[in-house]
Each structure stands twice: as C-alpha cells, then as structure tokens.
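Let me put the model up and then walk you through a few spots.

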Amino acid sequence: MTAKHDLIEYLLRLGDSALVQGQRLCEWCGKAPALEEELALMNVGLDLVGQARNWLEYAAELQGEGRDADHLAYRRDERAYRNLLLVEQPNGDYAVTITKQFLYDAWHFQVLHGLSNSSDERIAGIAAKALKEVTYHLRRSSEWVQRLGDGTEESHRRMLAATREVWRFTVELVNGDEVEQRLAAAGIAAEPADIAAAWRARVADTFASATLPLPEPASHFYLSGRRGLHTEHLGLLLAEMQFLQRAHPDASW
C-alpha cells in the first residue's frame, strides 16, 4: 500500500464514522424525550456532519478523480463505506443512543487529540477545530451515562441492557490495523495503542461513576467497517440518506 492510499483510507474512516453517527442522531428529530435533548442531539449531529465534510473533502482531493465530499457521501455503496460498526447500529431507546454516543465520543476525543499534532498540517487544522466540538460532546455524553447509570432502578437497568447490546462493537475502537500503524510511524496519526489505553481509562472512570460494571474487553468480531464489511443496518441507513441524490443526481435548488 502507498502512503497516499493509507491516508485516503484513514480520512474515509474518520469522515464516514462522523457522517453516519451524525445521521443517526438526526433521526431523533421530532422523537427525542425532551425538547432540550432534541436541540442538543441535532447540534451534535450537525457538528459531526460538518467534520465529516472536512475529512471527505480532503479524501476526495487526494483521490483526484473529480469527486467532492458530496459525491463520497451520497454516491458510494455500503461496501465502500469505512465507518465504525458501532455508529451504524440503530438508535434503540435513549439509553442505547447515549451509550453509543459516549463510547464513540471517548474514542473520537482521543483520536482528534492525537491528530491535532499531526505532521500533516491540514489534518492538524481540521482535528484542532473538531476537538473543540468533541470536547463538549464527550462532556455531555459522559454526564448522561452517569445520570442514567446512577439514576433510578429503571434507568440503571436500561443502561446495563444498552451496554450489553453495543459493547461487542467496541473491538474496532481498541484494535488498530496496519494502516493506522503506518500513519502513526509517519507522524500523521496517533499511535493506536495510546488511543486504546486512553479510551479504556476514560470509559472505566465514567462507568465507575455511573455504578455500571465494566465489561470484559471485546474480542474479535467477524465483521469490519474498515474493510467495508458492515452489519445489515448500514444499507438501510444509506438508502434513506442517499435517496434524493440517487433519484436526482446533481440536483440543485
């Protein structure tokens, strides 16, 4: 693999994960448990969509095939997406949404913190801006995990169920691959092992505050978002998200 190929792959992973998570959050529009929460979820979702545009725009430029961020978002099929399996999972009840968001935020924060020191100036700039937003995302989702986990008997039970439901997908958050290791060696990305260690520490601390037991580390999973091997949920999400552009290519208004 060339260094350029590695960089494009990594940018797609960052952009696709942010985009899919943003899309999931925006599905709560009109359905959130409280008006304040609906506004907060939409704001976080829009932050992530904006971050996705920055990563995908850079990837499109490196590909040099006349594409742009919109093309990568709306014209690629499921197998071409490189997002984390965690973010494509359905929202479920609010405990599932919060658990997913926290686990992603805790990882996302560490990744962006490392990328803000990247030897690639454009990556460093995008990461530094995104880190300001994700710092708030993590604080918010951490507080909700603690509030629900250490809340009522019902909220605690739902958080336990939510953790059991999505924990297996965290395997991608703590296991880097050759692409990430090569980029780390080149000074472009952070060392995957450092990200994993910081993620585990943050999750352990928050779960302890929430009186939630910390599950055993997730083991190997047979699917891999990095390789375009997704769960059945991503195809349905993309069918809705991409419908207008697929039905009316290059439409403008």
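Predicted model: local features only at pLDDT ≥ 70, side-chain atom pairs only at ≥ 80, totals over all residues.

Residues are numbered from 1 along each chain as its sequence is written, and side-chain values use heavy atoms, with hydrogens and water left out. When I say helix, I mean a DSSP run of H or I with at least four residues, numbered from the N terminus.

So, the core. A nonpolar core here is a set of buried Ala, Val, Leu, Ile, Met, Phe, Trp, Tyr and Cys residues joined through side-chain atoms within 4.5 Å, and buried means under 20% relative accessible area, with a 1.4 Å probe and protein chains only. The largest one has 81 residues, and W55, L115 and W199 touch the most other members. Helix α5, residues 94-115, gives the largest share of this core, 13 residues. What does W55 touch, leaving out residues up to four places away in sequence? That would be L11, L14, G15, L112, L115, I123, I126 and A127, with contact meaning heavy atoms within 4.5 Å.

Now the pockets. A pocket is an open set of points on a 1 Å grid over the protein atoms alone, where a 1.4 Å probe fits, with protein on both sides within 12 Å along at least five of seven lines; lining residues have an atom within 4 Å of a point. The largest pocket has a volume of about 320 Å³, counted as the space filled by probe spheres set on the points. It has 17 lining residues, and R13, D177, S224, R226 and R227 are the closest to its centre. The lining splits into five nonpolar, four polar and eight charged residues, with Asp, Glu, Lys and Arg as charged, Ala, Val, Leu, Ile, Met, Phe, Trp, Tyr, Cys and Pro as nonpolar, and the others, Gly among them, as polar.

The second largest pocket holds about 250 Å³. Its lining divides into 10 nonpolar, three polar and two charged residues, and α2 supplies the largest share, five.

Last, two residues. T211 sits in the loop between α10 (192-209) and α11 (232-241), and its phi is near 55°, a positive value in a non-glycine residue.

Notes: Buried < 20%, exposed > 50% of the residue type's maximum accessible area, 1.4 Å probe, protein only. Helix = DSSP H or I, 4+ residues; strand = E, 2+ residues; numbered from the N terminus.
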